Amino acid sequence: MPERSWTPPFPLDLGAVLGPLRRGPGDPSFSTEGGIWFAANTPCGPGTVHITRVSDEVRARAWGDGGLWLLDGLPALLGADDPVHEFVAHHDIVAEARRRRPGLRLGSTGRVWDLLFASILEQKVTGTEAFRTWRELGRRFGEPAPGPKPLKVPPTPHKLLSLQDWEWHQCGLDGARRRTLVNAAQVAHRLEKAAEMRSRELLEKVPGIGVWTSAEVAQRSWGDPDAVSVGDYHVAKNVTWALTGTPGDDDAMMELLAPYNPQRHRAVCYLQAAGLQRPRRAPRFSPRDYRKF
């Protein structure tokens, strides 16, 4: 069982940096019990890593063929390559959020498939729907993760391409997202280059993948500080409300964020970390369960 210790030369909020890798409660590939655990597909095969904090030191253990690869990427995963020092706050509320959260950084997994898979499931549905489908697909078709923790490695492209229609249906996936996921799985080996090239445009060449999905992947895969989730149901309304007191659309958000280019996503992260959300007066959406249709 390989191990690694690393002392970050900057303030680090471990939970905030790794939290975006978790896809809802019950994520079969992620756990916060006794530290942070997650299982992933790597270029070397499946791997599991367990990360804990002891004083200023981060300690990690790994299992599986991909274990050493995960340990090698530990500093980048925890934000060592993040250019946060270049960020300039242009609103008092953003500056205050940054002051309160000095350990908030953008980590990089260096991989695309697991993140793209999860992001496609989150297209145009509620979080409840997306997380439920992620859990079902992971539990049914993910391989048992190496190591002592009963996690599942997210299903590989090859595994998803082998599924029958009734298996997709049992997991609650509608036709549009299924087609996009199949499109992505068919060219997944090429899409891994997007992390190396830091190219959202490469991801968007796949039918069904637009700017929202590519941004969600870029934020986590290579820690893109400018990848704003344009098209998200909540983000634009919350950002414009936090900065102006009035909810607005994507165009209004991007106009307000223009001074932060090329770190517009980071500004959004600070506002989200501060818990700044518009008041909600309308009823919540009722999640759909495609298994009933």
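Modeller: With the elements themselves: a helix is a DSSP run of H or I of at least four residues, and the numbering starts at the N terminus. The model is predicted.

Biologist: Which feature of phi sets serine 55 apart?

Modeller: Serine 55 has a positive phi, near 60°, although the residue is not glycine. Serine 55 sits in the loop between β4 (45-54) and β5 (57-63).

Biologist: Why is α14 called roughly perpendicular to α16?

Modeller: The helices α14 (residues 235-244) and α16 (residues 264-273) pack at about 75°, and their axes are 10 Å apart. Angles of 65 to 115 degrees count as roughly perpendicular, so α14 is roughly perpendicular to α16. On the α14 side the contact involves Val235, Val239, Ala242 and Leu243, and on the α16 side Val268, Leu271 and Gln272.

Biologist: How do the residues in the contact of α14 with α16 divide by class?

Modeller: There are 6 nonpolar residues, 1 polar residue and no charged ones.

Biologist: Which residues does the annotation "domain: HhH-GPD" cover?

Modeller: According to the UniProt annotation, from an unreviewed entry, that domain covers residues 121-279. Such annotations may be inferred rather than shown by experiment. Over residues 121-279 the model has 57% helix and 3% strand, with 27 Å between the end C-alpha atoms.

Biologist: What makes a space a cavity rather than a pocket?

Modeller: In a cavity a 1.4 Å probe fits but cannot get out, whereas a pocket is an open set. By this rule there are 3 cavities of 30 Å³ or more, and the largest cavity has a volume of about 40 Å³.

Biologist: Which residues line the largest cavity?

Modeller: Its lining consists of Pro28, Ser29, Phe117, Trp134, Leu137, Gly138, Lys152, Val153, Pro154 and Pro155. Two or more of the lining residues come from each of α6 (127-141) and β7 (152-153), and α6 contributes the most, with 3. The lining of the largest cavity has 7 nonpolar, 2 polar and 1 charged residues.

Biologist: How many residues line the second largest pocket, and which lie nearest its centre?

Modeller: The second largest pocket has 27 lining residues, with Leu21, Phe38, Ala40, Thr109 and Asp114 nearest its centre. The space in the second largest pocket is about 370 Å³.

Biologist: Which element gives the most to the lining of the second largest pocket?

Modeller: Strand β3 does, with 5 residues. The elements giving two or more are β3 (36-42), α2 (67-72), α3 (74-77) and α5 (113-121). By class, the lining of the second largest pocket has 15 nonpolar, 7 polar and 5 charged residues.

Technical notes
Residues numbered from 1 in each chain as written. Predicted model: local features only at pLDDT ≥ 70, side-chain atom pairs only at ≥ 80, totals over all residues. Heavy atoms only, no water. Axes fitted to C-alpha atoms, helices over the stretch in contact; angles between N-to-C directions. Parallel < 35°, antiparallel > 145°, perpendicular 65-115°, else oblique. Contact = heavy atoms within 4.5 Å. Nonpolar A, V, L, I, M, F, W, Y, C, P; charged D, E, K, R; others polar. 1 Å grid on protein atoms, 1.4 Å probe; cavity = no way out; pocket = protein on both sides within 12 Å on 5 of 7 lines; lining within 4 Å. Points joined across faces, edges and corners; volume = space filled by probe spheres on them.
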